[in-house]
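Let's work out together how the words used for a protein model follow from its values. Take a look at the picture, and then we will go through it in questions and answers.

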Amino acid sequence: MQNKGAIVTFTVLLLAVCLYQLSFTWKSNQIEKQAKEYAKGSSTKELAYLDSVSSVEVYNFLGLKKFTYKDVKELEINLGLDLKGGMNVTLEVSVVDVIRAMSNYNTDSTFNAALLKAVELQRNSTQDFVTLFGQAFEQTDPNAKLAAIFNTLELKDRVKYNSTNQEVLDVIRQETDAAIDNSFNVLRTRIDRFGVAQPNIQQLQTRGRILVELPGIDNPERVRKLLQGTAMLEFWETYENQEVYPFMLQANQRVKELLASTAPQTGAATAEGAATAATDSTKAGSLLEEMKKDTSSAAGTNAEMENFRKDYPLFAILTPSTNQQGNLYPGPVVGTAQAKDTAEVNAWLAKEQIKNIFPRNMFFRWTANAVDENETYFRLIALKSTSRDGKAPLTGDVITDARQDYDQMGGRPEVAMAMNSEGAKTWARMTKENIQKSIAIVLDGYVRSFPTVQNEITGGRSSITGLESIEEATDLANILKSGKMPAPAHIMQEEIVGPSLGQEAINSGFASFLIAFILVLAYMIFFYSNKAGIAANVALLFNVFFLIGVLASLGATLTLPGIAGIVLTMGMAVDANVLIYERVQEEIWSGKGLKLAISDGYKHAYSAIIDGQVTTLLTGIILYIFGSGPIKGFATTLVIGILTSLFTSIFISRIIFEWMLKKNINITFTSKYTSGWLRNTKIKFLEIRKYAYIISGTLIVISLISIFVRGFDYGIDFQGGRTYTLKFDNDVKVADVQNALTAVYESAPEVKTFGSANQVKVTTTYKIEDLSDNVDDEVEQLLYKGLSNGGFLNGVSYEDFITKHRMSSQKVGPTISDDIKKDAVIAIFFALLVIFLYIFVRFADWQYGLGGVLALAHDSIITLGMFSLFWGILPFSLEIDQAFIAAILTIIGFSINDTVIIFDRIREYLHLYPKRDEAEIMDNAMNSTLRRTFSTSLTVLVVLVAIFIFGGASIRGFTFALLIGIFVGTYSSVFVATPIVYDTKMRLGKKLRAAAPATK
């Protein structure tokens, strides 16, 4: 063995690096165990203990370097959210809002139509939004000029009136790219200050999308507010209620006219009458008294309530701000409405016929916090614009510091703010001019507080009061200090995993790993004798250790599919040893001595090993490029596992054998039970290929019929929606849960049993296209309401429901699901193309590439067909989602590995036996590799069965796809791929001799 010293040195160094990296995980677990022992079940004490040692030295590595607990935690192996629990969010920066702001919210019809069209085009395109906007603008009006829209005060130096559309688009692209980068930096700052251990934030390949992973999060509502808030802080002067009420009377009358008419009416005469009534305070007061009487009597009969609604349609949903005597309250509050009615109030006030009634500098905003404890009623505040451009006189840009504090009235939490000198001057002027009036502090379009000014405030000090908790005040201060988001960021995809489900995933994942590991070790000793089996097992132990160590060194995240990838890697790692052992046995049978047989066996196996593993490696790389989240974790593990498998199988086992030979230890490569198994078979595979074609054709036809007739059970990855995994105290019936939730959602959600009978998976598309900040919380609250009304929660609070009964949740917006579909198709296409090209290059003949790719298409169609045929029949999920696409790509990698081994043997036999019949050569090649095919496939199937049984419900469908694919892939490697190569060559009248000579 050449370069043995270098290989041993590299192995020792790699071993040392892995030990070093994994030592941090060991130390972190040790400290956390001490914290649990100290806390004795109290989570508060446990967190306090860990916080106390955060900056304390806890680890001294060989006296060379000291590490605090915080350092150790950052260097330990990362566990994915599916193992640790937490929240995974994909945000999309609203480029539409950036472009609107750049245009100074231009109302040009062509411009706004082009924006809407670009949004639609983006759903089915991989191009960036600015390019799509340019195309949409050109299609909407080929003669329109973007310069006329974007020649604003802010852009006048870069956009001239004679600038071409392309020049303007270049400026827009620069500005949107800068806004996206700034948004990313703002989000990173917010998350860093949030105090989560091992957060991950990164920009995704699709421009404008940002991935945020927060392990251990148990308050998703708080995180949503943190991530989606733009921190648009504004200070506004206000109108008094008495000033606004006369206009509200006119607005009520106009609403009444609009409802009574089929066409918009000007209503000038009626409006004039209403205005006259409004100017008379006595009449206004009597009108309020009448309303109150009507309101109280309306409770008696529905008829009286209907009359009231007809006379006062606006006030029926927006109660004026009055006392019990009917007198108007002082201050800027003009009315109160239920949360469900706020959208309708907004719609009425936004109508041009209503909007024209109010002064041009008057506009309205709702309070962020409700009036009542049930969070049902919100107040409407009248704001006053005092500038020509309609912008706030003071914004958050002047804030230099913000911190959580307590007010002077009872110690309620607030946010204290400090301003720069320019802001302090403006603030002093505003407060001086508004003594005994209110100034509204507006954050992201909602009024946070509207304090009454008692005197002029100098020094640039201000505060936001009315906050409900210290956490809210802390987060708000964090947001303000981090800076304003250049554009809103909406949650397009979200996944939440509760800590209990994460622990279950760890238990099931490691149980499957341990069982599969033991089975593989036992199998190798049984099939290949003690000594050869032990050598393979030692190499396998090194392989697993190196794999986990490299994952830790690279900072990769270990997910549940990642554990499945490790287990699968173990099964596939055996393949290289099997190839070597079978070749060594052939060399021994040819009469060579043990030492020479081992040397030649390794040498002759290299070509098949490399060809087989490279094809699998290529599919793993493609899966990494196009996958996301846990699937990317699976791909990472698979790729690293293939590389470590090659190293340990080829070099570690060789070093062990050379050590055994040096010690004169007799080595055998087969056991007495398996020495004759599938040895010297004479099966005429090509003679029975037509029967195989009939079997494959029948399975493909059945699969295609099922695909087109039954279709698939698409997961939310491919159709969009929200899914919740719920756990109840008792067993539940799926139909009962569905009926309870249908009552609160607009349509019946999909409900399935998930694992045991007390666990269900609920999928709904309710308001999935709604991008408002609070919609996710609203859908969860409706979920809680429906289950509570149905009697499934036994009176538990909403907080307990979220932490104890909602095991996980996931949201995929329609835009994301469209992208996932495209990525899935592209990934499979590229996998097949890359494999075809690789085989074509390696075997110098396109027929080999065609045979391999058609066999892979055969495997994929049948696997798809089985999922279509049996979904809803088998007692576990058979959803088509990202995990299934990962399974298909893994099947492609494994199946082509099998096929390439056979092709490699055919190439070798063509070189060795140039005068033999070509059909005989192919049959002999398949027979000579049959023992290896059986051995490798059996070990992988045994591993997959262990994952299927013990790996948990969340990856059972994924494992089932692999089981089908590995079985069908093994069949197609022998009965489909090689026969197709033979038939295409014979049909074209070519000789198999065209294949490249075997590698010596």
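I707 touches F712, I861, L864, G865 and S868, where residues up to four places away in sequence are not counted. This is a predicted model, in which local features need pLDDT of at least 70 and side-chain atom pairs count only at pLDDT 80 or more, while totals for chains, interfaces and linings use all residues. Residues are numbered from 1 along each chain as its sequence is written, and side-chain values use heavy atoms, with hydrogens and water left out.

Q: What makes I707 and its partners count as being in contact?
A: Contact means heavy atoms within 4.5 Å. I707 meets that rule with L864, among others. The C-alpha atoms of I707 and L864 are separated by 7.6 Å, and the two residues are 157 residues apart along the chain.

Q: Why is I707 called buried?
A: Buried means under 20% relative accessible area (exposed is over 50%, partly exposed in between, with a 1.4 Å probe and protein chains only). I707 has a relative accessible area of 18%, so it is buried. I707 lies in helix α24 (residues 689-709); helices here are DSSP runs of H or I with at least four residues, numbered from the N terminus.

Q: How do you know whether T644 is buried or exposed?
A: Its relative accessible area is 8%, and therefore T644 is buried. T644 sits in helix α23 (residues 630-662). Leaving aside neighbours within four places in sequence, T644 is in contact with N543, F546 and L547.

Q: Why are α31 and α32 called oblique to each other?
A: Under 35 degrees counts as roughly parallel, over 145 as roughly antiparallel, 65 to 115 as roughly perpendicular and the rest as oblique. Helix α31 (residues 882-912) and helix α32 (residues 918-928) cross at roughly 130 degrees, with axes that come within 9 Å. The pair is therefore oblique.

Q: What makes a set of residues a nonpolar core?
A: Such a core is a set of buried Ala, Val, Leu, Ile, Met, Phe, Trp, Tyr and Cys residues joined through side-chain atoms within 4.5 Å. The largest one here has 129 residues, and Y581, F657 and I906 have the most contacts inside it. Helix α31 gives the largest share of this core, 17 residues.

Definitions and conventions:
Axes are lines fitted to C-alpha atoms, for helices over the stretch in contact, and angles run from 0 to 180 degrees between N-to-C directions. Helices (H or I, at least four residues) and strands (E, at least two) are DSSP runs, numbered from the N terminus.
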